[in-house]
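Subject: The structure I promised you

Hi,

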Amino acid sequence: MDDLLKEFLVETNESLDTVDVELVRFEQEPDNAEILGNIFRLVHTIKGTCGFLGLPRLEALAHAAESLMSKFRDGMPVSGDAVTLVLFAIDRIKEILGELEANQREPAGSDTDLIRQLDEMRKSGATPAPRAAARRTVGTLVRQTLERPLEPGEASLDELERAFRDAPGPAPSKPAVAVEDKPLERPDDKLASQSIRVSIDTLEHLMTMVSELVLTRNQLLDIMRRHDDSEFKVPLQRLSNVTAELQDGVMRTRMQPIGNAWQKLPRIVRDLSAELGKDIELEMHGADTELDRQVLERIKDPLTHMVRNSADHGLESRAERIAAGKPEKGIIRLSAYHEGGHIIIGVADDGRGLDIGRIRHQVLASGLATESELEKMSEAQIQKFIFTPGFSTARRVTSVSGRGVGMDVVRSHIDQIGGTIDVQSAQGKGLNFTIKIPLTLAIISALIVESGGERFAIPQLSVLELVRVHGKSEHRIERIKDAAVLRLRNKLLPLVRMSSLLQLDGDRAIPDRGFIVVLRVGAQTFGVVVDCVFHTEEIVVKPMASKLRHIAMFSGNTILGDGSVILIVDPNGVSQATGDWAASGTGAHTDHEAGARAVAENTISLLVFRAGTPEPKAVPLSLVTRLEEIDCTKIELSNGRYMVQYRGQLMPLIGASDGVRIKRDGAQPLLVFSDGSRSMGLVVDEIVDIVEDRLDIHVGSDRSGVLGSAVVRGQATEIIDVGHFLPLAYADWFRGQDLRATARRERTLLLVDDSAFFRNMLSPVLKAAGYEVTAVESAHEALATLKKGERFDALVTDIDMPGMDGFALAEAVRGEQQFSEMPIIALSSTATPELIERGRQVGLHDYVAKFDRQSLIAALKTCLFRPA
Amino acid sequence: MFVPARLTRVPLAPPEVAGILNLRGRVVTALDMRSRLDLGARAPDAPVMAIGIEYKSESYGLLVDSVGEVMALRNDACEPKPANLDARLWRVAAGIYRLDGQLMVVLDVDRVLDIKNGAVAA
């Protein structure tokens, strides 16, 4: 690209961002001549440069905008409409610039529509024009100097100045275009000459070199420690200090004021306030607080999201505010300051704050915690639930925010750069988010471990704790057949060996003793077994070579003080590699047959066990809350039923089949099912395995408690109907407090699923929850049933169906006027963000994993019993 | 030209990648030319040399058995590689020089470094 054009694009884009901000300020303070002067100058510069470069379309547009603004300067009152129009014009200029950057020439097209509007606005602006003409004579050409020699292709300032003056205004009337108001012209002239533009590549290179210098110094210091008496000692000390200072200085060049990330916000808030009909003021404090460029890039989006949230959900409507005795204008306050090696960013509003009641409700409905657990929590703890994935208190889906992605996404962004986020809220008074992030990502603290004879660095940010296990330790490694888990403070953590993950050796078995690094990635927690743990060290992250960048397990490499190169493990990659099983709460599929589970969409995880008979039985793993082994002496007989004290409550025990006997001594294996505050233990003889397999179920069992049999791992296996056992434990299992409070009459559901297994599994569950269920096996049948005139309160449909799938069905249903309001809930075994987004588009109310009974019931409840 | 020391293995990397190492503060990706040319593994205690190259602003080290001499050759003396050249060599060769009494294959750096990223045994 032409150098001049490139320079122009860079500068213009910067100016335009500034104009955006300034215009919004201008609307608030129309009398401020300084702001107006700034805007005018910026647009004027754009126009002049366009003329110089031969970009007629841009020039015409900038000219029209400028003419309108010169009217403001002459005293025309500034209206919101006028500012909106100018903002439109600026958006159009940005569009053209975008294409200009891509194609290196102006796109074809015409802006006469906008130019006409701008002109009309200018003419209707009433105030007298003659003064403008008079001012045209003001000002003389001042010779301008540039404090460096001209580079080839550059135009001197004088040439540019001439271009400004000579640039003809394409509009017929030529008002005070080229007025040069010298005193206003360059208030920051001094500032400009104190800074220079340096390309990012140069800075990056400098940074690399300094990193290497730091490493070399570390090596030298290492050698020095071994030779006590040396004449090198003093100079080396000096070198060390200078290096540290140099490192500090170079790091500072990567710093940018956080204001850069805020630049677009005033405009966004202004647009939102128009869209939502709220009066919003955006306050910004500490915009010049600096942080690393890389970090800055990555917090831009979360910050924008949070400000949108505040405007949309946080601040009340004008009427509500007046009713609450607050000032009409809502305030969103952004702030930033340094603290230690961190930057603290605050996003606060004086809106309604978090509604604890609603959070509780939502937490209970989605089964994130039980009522008794909530009882014990402080308000602050409950507020933290807003960061849980999938949690949203927004009652409506608006175009602004509340699309089901919310604060959890913000948190995961902040997690990724090693930051933390906290929330303080006072109901009715406002909400205050505090984000704490490290100033830089180039140097991180890492834990050095050894596995399979190699050393690796694990970023300290992801490490929750280190656990050492041996025969006598309190924490033990337990096994569910091949899968190893660690029981840690009553939680089961899936374990994986680092060396098998990295295929360093053939030995896949997890030893009984060793070190376990507990990692947390997003919502997942799992343990990585390593051979040895050394120490933590500040390391300089170097990128992986391009030939090795495809290996998801590593995020980079580094040189240690002793000169050796080690790889930095990427916790995200590890979690993905282990994700399949970590998510289902079981162990790793280490056997190689599992490699054949490529057809993951059609397979489900089944827990295989024996109870009563030698034939295996199975239940979908996701229905099981926990696997337990209870000491038989703890089992009590009360009122003719077996009970056990479990987590402070009495839990009834039910035999998984008639033949099963509760053991007299030793440990009794149980499958625990929980719903809200209740739990039930299903007594089995032996837990055999967890398998991932296709389910071809042959339905048609007459026996209660058995859905049918299927071939699992080549063996006929009975599939247990959990819905049968739950009411045995509590007669009112599903009809408890949930429905008494809400249900007046039986709600009707239409369930669509092509698999007989799911229809048979879900129908009883839904019936037990108090719904009247009609199950059909295809989308076509569902449409036919609906068209026959049957009324349903909600539609629950599978997504992956042959022929017409769930999306198509949802679209078809939404197309019919009389059903357009009917809630639709989709069930699917795969839930990627893309699919969920697609679901939102076709009008699905919710998207639930196929076996997640609790979420399904919760989703139905939120759809059908919405608080009015 | 350097003698590679303290090579760090890279798990899950393509087989040609012998590892990464620190060469005066730079992280160098070492490619084993024996593996690249399918010549079979080197004896464990055999001497090894590395040729350092800079390619697309990254550093690579080609591990070889030994280094002969540095020669200045004329570009126009390079002859096209014969069609019946060993397939393993043919893939990475740029051409052939006729020296006194023997032929010498010139390797094409682009092709030598063109290792398939996806070819990892999953």
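Two strands pair if DSSP finds at least two bridges between them. Helices (H or I, at least four residues) and strands (E, at least two) are DSSP runs, numbered from the N terminus.

Some housekeeping first. This is a predicted model: local features need pLDDT of at least 70, side-chain atom pairs count only at pLDDT 80 or more, and totals for chains, interfaces and linings use all residues. Residues are numbered from 1 along each chain as its sequence is written, while chains are lettered from A and ligands numbered from 1 in the order in which they are written.

**The sheet**

In chain A, an open sheet of 5 strands runs in the order β16-β8-β9-β18-β17, with mixed pairing. β16 and β17 of chain A sit at the edges with a single partner strand each, so one side of each has no neighbour in the sheet. From one strand to the next, the twist averages 35° (angles run from 0 to 180 degrees between N-to-C directions, and axes are lines fitted to C-alpha atoms, for helices over the stretch in contact).

Now look at β8(A). Strand β8 (residues 443-451) of chain A is antiparallel to strand β16 (residues 532-540) of chain A, and 7 bridges join them. A:L447 stands opposite A:T536 in β16(A). Strand β9 (residues 454-459) of chain A is also antiparallel to β8(A), with 6 bridges. In β9(A), A:P459 stands opposite A:A446, and A:A457 is the bridge partner of A:I448. β8(A) and β9(A) form a hairpin with 2 residues between them, and A:G452 in the turn has a positive phi of about 55°.

**Two helix pairs**

Two packed helices are described by the angle between their axes and the distance between the axes.

α10(A) and helix α11 (residues 233-253) of chain A pack at about 155°, their axes 10 Å apart. The crossing of α10(A) past α11(A) is left-handed, meaning the near helix is turned anticlockwise from the far one by less than a right angle; right-handed is clockwise. The residues in this contact include A:L203 and A:L206 of α10(A) and A:L236 and A:L239 of α11(A). Two residues are in contact if their C-beta atoms, placed from the backbone, lie within 7 Å. By class, the contact of α10(A) with α11(A) has 13 nonpolar, 4 polar and 2 charged residues (Ala, Val, Leu, Ile, Met, Phe, Trp, Tyr, Cys and Pro count as nonpolar, Asp, Glu, Lys and Arg as charged, and the others, Gly among them, as polar).

For the other pair, the axes of helix α13 (residues 265-276) and helix α14 (residues 293-314) of chain A come within 10 Å and cross at roughly 25°. That makes α13(A) roughly parallel to α14(A). Here the crossing is right-handed.

**Where the chains touch**

How many residues does each chain bring to the contact? Chain A gives 22 residues and chain B gives 17 residues. On the side of chain A that touches chain B, α10 (200-226), β17 (554-559) and β18 (565-569) of chain A each supply at least two residues. That side of chain A divides into 11 nonpolar, 7 polar and 4 charged residues.

Talk soon!

Notes:
Angles under 35 degrees count as roughly parallel, over 145 as roughly antiparallel, 65 to 115 as roughly perpendicular and the rest as oblique.
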